[in-house]
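Hi,

Here is the structure I promised to pass on. Have a look at it first, and then read my notes below.

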Amino acid sequence: MERSPFEADLASTSFDEIILQQGELISDKLNMLRMEQYPPNAEKGLRQFSLAEVAYFLGVTQSNIKKLHLEGKGPEPTTSKSGRRSYTAEQMLELREYLDKHGRAGKSPYVPHRRDGEELHVISVVNFKGGSGKTTTASHLAQHLALKGHRVLAIDLDPQASLTALHGIQPELDNVPSLYEAIRYDEDKVSITEVIRSTNFPNLDIVPASLELQEYEYDTPVALTGSNAKEGRLFFTRISNALKEVDERYDIVVIDCPPQLGYLTLTALTASSSVLITVHPQMLDVMSMSQFLLMLGGIMKTIRNAGAQMKLKWFRYLVTRFEPTDGPQKQMVGFMQAMFPNQMLPVQMLKSTAISDAAITKQTLYEVERSQFVRVTYDRAIQSLNAVNEEIVELVHQAWGRK
Ligand SMILES: Nc1ncnc2c1ncn2[C@@H]1O[C@H](COP(=O)(O)OP(=O)(O)OP(=O)(O)O)[C@@H](O)[C@H]1O
Ligand SMILES: [Mg+2]
């Protein structure tokens, strides 16, 4: 019987060489495939938003917006043959600014930028359970916050770079610098401003991720014991220090953490104003989360004793990929609500094929066209995402002392 090339290789070559060769082979082939699918200079666009969506994101009625248009005020929307108006995300911002200047006094601001005394709000999305919905939560949250008029910075802290890819950046192809460049220990460290990129959403910037982020996990223990151990011991200040440089530019930062409780996650948590722990409501996932909490609590205590100043304003558990018709899942949610009545977000992110299908084409539900989906499926999913994100906006505004 003929031996496969793999077996033949095994006989003559060492494992590490085979692994390296195969890694390169896969990477080359994938790059070719991606080059064909997304040319490097392809820019991700953004669809137009319907009148109903604009009304929702601005918090005004549709008739209000129609009236403005008829009076020739604010931006000029695109009008379809059947008379339907739609606006670009930039026009939504313009309309926000127009309303802020000319709207009724006493209402909550249409441009919700933070004001004096309101601190940059940093939200970390964490759990060491892979696939618990961190990236889905972080991407929809960051985009929702931006569409609601906040200035948002999303940070992809996961070397797998899923959030980065969702925003049309291909780390391997584009050779993008990640946050690692702004938190590294050597003299090559740069300002965070050099690693920030704009996205297809006008109010949303991103710090992409790439594999090099993993270096931080190796560098930190070395720094902790090296000649400059004092700097190493303060590792947990490295993200908050980097963020100080752009404090004025943003209202909210959303950090998508890797599925592990390493130095990257700990450094993000120390920079955080709030934490969202995503959990899929199944026994094994909840058990794993309990392990995560025990470890996290212990480590946070240790780093606080080492001088870290935690500035957490709130933390919440967010149930993800929830199927309300699934008895055991419903029971698990009830169980968690009974245990942590104050920390459970009162709404859940429903499981939906609209969300997973959009993800296949590297899009969020805020990017896809509603017409591409079965209406009820899309509506149910977007309502669930909006409800989750609205709760979070509320918590951020409360942390700022509003209302
Ligand atoms: N509400 C949902 N409905 C349907 N599919 C979902 C939903 N949320 C997430 N998914 C899908 O589940 C998978 C895992 O989600 P996601 O990437 O957000 O998890 P993660 O916690 O970031 O994973 P990792 O730990 O690998 O970073 C993805 O394929 C995503 O499209
Ligand atoms: Mg992820």
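In what order do the strands of the open sheet of 3 strands run? The order is β1-β3-β2, and the pairing is antiparallel. Before you go further, keep in mind that this is a predicted model.

Staying with that sheet for a moment: β1 (49–50) and β2 (78–79) are the edge strands, and each has a single partner strand, so one side of each has no neighbour in the sheet. The antiparallel pairing of β2 with strand β3 (residues 85–87) runs over 2 bridges. If you want a residue pair to click on, T79 has R85 in β3 as its bridge partner.

Now the overall layout. The protein splits into domain 1 (49–102) and domain 2 (121–399). Their C-alpha centres are 31 Å apart. Where they meet, 6 residues of domain 1 are in contact with 6 residues of domain 2. On the domain 1 side, the biggest contribution is from helix α5 (residues 89–102), which supplies 5 residues. By class, that side of domain 1 has 4 nonpolar and 2 charged residues, with no polar ones.

Next, the core. The largest nonpolar core holds 91 residues, and the ones with the most contacts inside it are M92, V152, A154, V253, V254 and I255. Helix α17 (residues 375–399) provides the largest share of this core, with 8 residues.

Leaving out residues up to four places away in sequence, I255 touches V122, I123, S124 and V125, along with I155, L157 and A268.

Last, the ligand. Which residues are closest to ligand 1? They are K134, T135, T136, P259 and A359, out of 19 residues that surround ligand 1. Two elements give two or more residues each to this shell, namely α6 (134–147) and α16 (353–360). Sorted by class, the shell around ligand 1 comes out at 11 polar, 4 nonpolar and 4 charged residues.

That's what I have for now.

Cheers

Terms used. Residues are numbered from 1 along each chain as its sequence is written. Chains are lettered from A and ligands numbered from 1 in the order in which they are written. This is a predicted model: local features need pLDDT of at least 70, side-chain atom pairs count only at pLDDT 80 or more; totals for chains, interfaces and linings use all residues. A nonpolar core is a set of buried Ala, Val, Leu, Ile, Met, Phe, Trp, Tyr and Cys residues joined through C-beta atoms within 7 Å. A residue is buried if 20 or more other C-beta atoms lie within 10 Å of its own, exposed if 12 or fewer, and partly exposed in between; C-beta atoms are placed from the backbone. Helices (H or I, at least four residues) and strands (E, at least two) are DSSP runs, numbered from the N terminus. Two residues are in contact if their C-beta atoms, placed from the backbone, lie within 7 Å. Two strands pair if DSSP finds at least two bridges between them. A residue is near a molecule or strand if its C-beta atom, placed from the backbone, lies within 6 Å of it. Ala, Val, Leu, Ile, Met, Phe, Trp, Tyr, Cys and Pro count as nonpolar, Asp, Glu, Lys and Arg as charged, and the others, Gly among them, as polar. Domain bounds come from an automatic or database domain assignment.
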